[in-house]
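Here is a short tour of one protein chain, meant to be read with the model open beside you. Shall we start with the overall layout and then move to the details?

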Amino acid sequence: MEARDATAGALVGSDGEEQTAQRDAAPKKDQPQTKSKMEKIFGFRKEDLTSWSSLVTLLNRPTDPASLGIFRCLFGLLMAIDVTQERGLSHLDYKYLDGAPVCRFPLFNFLQPLPLDWMYLVYVVMFFGALGIMLGCFYRLSCLMFISTYWYIFFLDKTTWNNHSYLYGLIGFQLTLMDGNRYWSIDGLRRPSIRNAHVPLWNYTLLRTQIFIVYFLAGIKKLDADWVEGYSMSYLAHHWLFDPFKLLLPVELVNLLVVHGGGLILDLTAGYLLFFDVTRPYGIFFVSYFHCMNSQLFSIGMFSYTMLATSPLFCYPDWPRRFFARFPAFLKAVLPLTSPDSQPSTSCVYSEIRSTATDRQETAPPVAKSSKLRHKLAAVFTILYITEQFFMPYSHFITRGYNNWTNGLYGYSWDMMVHSRSHQHVKITYKDGKTGDVGYLNPGVFTQSRRWKDHGDMLKQYATCLNELLPRYNITDPEIYFDIWVSINERFQQRIFDPRVDIVKADWSPFKPNSWLMPLLVDLSPWRTKFQEIEGSLDNQTEIVFIADFPGLHLENFVSEDLGNTSIHVLQGQVNVEVVAEKKNYTLQPGEQTKVPAGDYHKVYTVSEGPSCYMYVYVNTTEAALQENFTKLLELQERVRNGTETEPLPPELQPLMAAEDDEINATDPIVQLFLKRQRRMKEVKKRREAGTLERLERFAVKKYYTIRRGFLMTAIAMRNLVVGLPPLEQLTREVTYANMKAPLGDGKEDERLKDEVGHGEL
């Protein structure tokens, strides 16, 4: 079997890399040396690991720059797009409102956003840094421009942290230290000495190891019992992307075997599949399919496409040369180089064979025949960086203050999608420190994010901010109490933080456990199987909420007037139900139940020695009546249209006879709502049944106006910085022009944009 067909390692080096180096190094008359089995599989010999000097030589081995150059270009392009999308350039003015009372959540409290126009300048620097990376133009400067502004924005807001945003910053940092501009770059045109020059092997080693860590540790994290048992992402099985699997399996098995089982196996094996030549085609196929699905399942910006761009890094580094060599000759002027010959580079350490070959060339530039300080430092950095990346996801025993029910701040643990949460009840209570008056705040007031509900460090920052803002509203030295109920991975709704603790005065340290964190009631996890049985026994109109509470605490709840026939059923423990208006108390044991009145408050006290478990069972009577009316109106409309309705319609029902495209002019609110609902359902059906070209057009138009707004608002900000603010009337006209939407839009984009960034909460 030839070396290209052999199983070659991809993390440290592949057989193809060694072939490339030896092809450049050895005279044509030299015969290829016989390789050991280890060398064929992993791309290096056992002797390369027997001493420090040989390891340094291995990590600095000359390698083809082609694959790295293509990845640099793709990464820069995707990050330039990401600046306008997930980084938020298109709605920056909503996020950083000058003078608005907003509570923010930076990693370090001294970090604060700049004035709005200057924040736009930060984004301009980041955008041009990404463009410079893509083009390989002033490469080091561009990388520094990108990562300095990127990490500033990243640290500025913990509520936006996620794994892929963290990954972007890591890759940007790695590229800053690499020779990514040696292939297909403007720098190569400006400086012929670096054009098509070798890059050291550690450049590939870092990137490949980073991607391997992303996959493999994500798989390790998915060995969590909730994931293995199918509770983490059960809702995904109902997505249309899994419809083909539903032809063979019921939804329950699609959830367990495909969504959770398939995700676990893919993450655990993807790095190894990409590692070896024999399995690499299968690995690229499966990870490509996986990331294409993720791009439709989740709103994760450029992450899917970035991961697709990393897959070719595991191929032989000269693959772009072979790929672009197939293109017509007239395109070669704009395409990357296809010549197999690379220049020697001082960044690499060349073997004796390579040195002999270059000694025969009188014009060859000087090359390193032995490792120097820069090569040793590169090897040290590579080893330390890889060690740190394996350690970070398990470093939560150090930063214990950030641990809640899950460990650490979400973003650097690679526990993607392992935990899903739902919030049933959030109450913020303040108490005036001077008068003792008690009041309540709208959950999320003064914030642009809902993520603070799950993290003690953010809750502390939020309480401190509220303590500073509420005195503006004549509330002196306020105490702040949070009562937050969360369900994680389909467990009971339960409190996550102690509602009796004043968070303003509560102690919090990044290195000490959070003393006011309530424990997750994991002993009650087996109840989830019973939940499914109970929910399966209910009709479509009956809703249910499962609650668990701690001894000595109580839940104060208000039942909306829309929720008729609401009752409390005790599953475990003992509770006392107090109906406030009736001044009555009911003690309930497991298996007992009681009704609670709609439109009134009640309190549920846990009086047993252990946690209590109970469930609310209710029917939305208003919605049920509305659905019944809709059904009658639909039947009447069908009879009118097919001519079977013989009696004349009263005036309030005559709009049912109007054409579907006519303007809705109904006086009866039920009829008006029915017709609007019909029109909306028709629109949704039309969008779902649209062809590929129509979908692409709609997607392109939406992205065009989003990016357009970002650039126009940036131009306004840059003008403001240079020449100052214009008259208010002119500024209003400019912003209105920037906010212009597609002609065929439904006029609701502004509301959706505000909802996305949380601006509507202010």
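## Layout of the chain

Domain bounds here come from an automatic or database domain assignment. For this chain, that assignment gives domain 1 (64–199 + 315–345), domain 2 (209–314), domain 3 (420–520), domain 4 (527–619) and domain 5 (657–739). Between the C-alpha centres of domain 2 and domain 5 there are 34 Å.

Before going further, please keep in mind that this is a predicted model, in which local features need pLDDT of at least 70 and side-chain atom pairs count only at pLDDT 80 or more, while totals for chains, interfaces and linings use all residues. Residues are numbered from 1 along each chain as its sequence is written, and side-chain values use heavy atoms, with hydrogens and water left out.

## Overall figures

The chain holds 25 helices and 14 strands; helices (H or I, at least four residues) and strands (E, at least two) are DSSP runs, numbered from the N terminus. Along the principal axes, the C-alpha atoms fill a box of roughly 100 × 65 × 65 Å. The accessible surface comes to about 37800 Å², with 59% of it belonging to carbon and sulfur atoms. Such areas come from the Shrake-Rupley method with a 1.4 Å probe, and for residues only the protein chains shown count as cover.

Of the 762 residues in the chain, 49% are buried. Buried means under 20% relative accessible area, exposed means over 50%, and partly exposed is in between (1.4 Å probe, protein chains only). Among contacts (heavy atoms within 4.5 Å) with a separation of 6 or more, residues 24 or more positions apart account for 72%.

## The nonpolar core

Which residues touch the most other members of the largest nonpolar core? They are Trp 452 and Phe 482, in a core of 119 residues. A nonpolar core is a set of buried Ala, Val, Leu, Ile, Met, Phe, Trp, Tyr and Cys residues joined through side-chain atoms within 4.5 Å.

Leaving aside neighbours within four places in sequence, Trp 452 is in contact with several residues, including Phe 105, Val 426, Met 458, Tyr 462 and Phe 482.

## A nonpolar patch on the surface

Now to the outside: Trp 52, Val 380, Ile 383 and Leu 384 form a nonpolar surface patch with about 360 Å² of accessible area together. Patches are made of residues with over 30% relative accessible area and no salt bridge; like charges are joined within 9 Å, and nonpolar side chains (Val, Leu, Ile, Met, Phe, Trp, Tyr) within 5 Å.

Helix H18 (residues 373–391) gives the most to this patch, with three residues. Val 380 is found in H18 and counts as partly exposed because its relative accessibility is 35%. Ile 383 also has its place in H18, and its 37% relative accessibility makes it partly exposed.

## Salt bridges

Side chains of opposite charge can pair when their charged atoms come close. Counting a salt bridge as a side-chain nitrogen of Lys or Arg within 4 Å of a carboxyl oxygen of Asp or Glu, the total is 28. One of them joins Asp 226 and Arg 528 at 3.0 Å, N to O. Asp 226 lies in helix H11 (residues 225–228) and Arg 528 in helix H20 (residues 527–536), so this pair ties together parts that are 302 residues apart in sequence. Both Asp 226 and Arg 528 are buried.

Arg 421 forms another salt bridge, with Asp 454, where the closest N and O atoms are 3.9 Å apart. Because Arg 421 lies in strand E3 (residues 421–431) and Asp 454 in the loop between strand E4 (438–441) and helix H19 (456–469), the pair ties together parts that are 33 residues apart in sequence. Arg 421 is partly exposed, at 32% relative accessible area, whereas Asp 454 is buried at 9%. Salt bridges that share partners also join Asp 226, Glu 229, Arg 491 and Arg 528 into one network.

Most residues other than glycine have a negative phi, and most peptide bonds are trans. Trp 414, however, has a positive phi near 60 degrees. Trp 414 sits in the loop between H18 and E3 and is buried, at 1% relative accessibility.

Lys 583 also has a positive phi, near 55 degrees. The place of Lys 583 is the loop between strand E10 (575–579) and strand E11 (584–588), and at 73% relative accessibility Lys 583 counts as exposed.
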